[in-house]
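Biologist: I would like to learn how to read a structural model. Could you walk me through one?

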Amino acid sequence: MAKSKTKNQKSNQLRANQTKMKTCSISGRKFKATTENFYVNNNSQDGLHPYHKTFDNIRRTNGVSTMQLRNIVKLLNKA
């Protein structure tokens, strides 16, 4: 006879199946919280850098500040 799962086991399994999301602090968009989307940052609570890799690369290669890039993203979102 198979044991039925307890409520805790069911809720833990549901949580494990849900993809954790992280908001990019430059764009305000949500992305999957993985190392494919965010650089590793051992000093942060979740272990990931606050900027999406794409936005961080744009920021670094063009030598703009995060505030300047945020303003650019806001303007693009309005268009």
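Predicted model: local features only at pLDDT ≥ 70, side-chain atom pairs only at ≥ 80, totals over all residues.

Biologist: Let me start with helix H2. Which residues of H2 are buried?

Modeller: Some terms come before the case. Helices (H or I, at least four residues) and strands (E, at least two) are DSSP runs, numbered from the N terminus. Buried means under 20% relative accessible area, exposed over 50%, and partly exposed in between, with a 1.4 Å probe and protein chains only. In H2, the buried residues are Phe 55, Asp 56 and Arg 59. Seen down the axis of H2, they fall within an arc of 100°, so they line one face of the helix; the arc is that of the directions from the helix axis to the C-beta atoms. Thr 61 and Asn 62 are exposed residues on the face turned away from that buried side.

Biologist: What do the buried residues of H2 pack against?

Modeller: Contact means heavy atoms within 4.5 Å. The buried residues of H2 pack against strand S2 (30-32), S3, S4 and H3. Take Asp 56, which sits in helix H2 (residues 53-62). Leaving out residues up to four places away in sequence, Asp 56 touches Tyr 39, His 49 and Tyr 51.

Biologist: Why are Arg 60 and Asp 56 separated by about one helical turn?

Modeller: An α-helix has 3.6 residues a turn, so residues three or four places apart point the same way. Arg 60 and Asp 56 are 4 residues apart in helix H2, so about one helical turn separates them. Salt bridges that share partners join Asp 56, Arg 59 and Arg 60 into one network. Within it, Arg 60 is partly exposed, with a relative accessible area of 46%, whereas Asp 56 and Arg 59 are both buried.

Biologist: Which residue forms a salt bridge with Asp 46?

Modeller: Asp 46 pairs with Lys 22, the closest N and O atoms being 2.7 Å apart. This pair links distant parts of the chain, 24 residues apart: Asp 46 is in the loop between strand S3 (38-40) and S4, and Lys 22 is in strand S1 (residues 21-23).

Biologist: Now the core. Which residues make up the largest nonpolar core?

Modeller: In soluble globular proteins, nonpolar side chains tend to be buried together. A nonpolar core is a set of buried Ala, Val, Leu, Ile, Met, Phe, Trp, Tyr and Cys residues joined through side-chain atoms within 4.5 Å. The largest one has 9 residues: Cys 24, Ile 26, Phe 31, Phe 38, Leu 48, Tyr 51, Phe 55, Leu 69 and Val 73. S4 and helix H3 (66-78) are the elements that give two or more residues to this core. Leu 48 lies in strand S4 (residues 48-52).

Terms used: Residues numbered from 1 in each chain as written. Heavy atoms only, no water. Salt bridge = Lys/Arg side-chain N within 4 Å of Asp/Glu carboxyl O.
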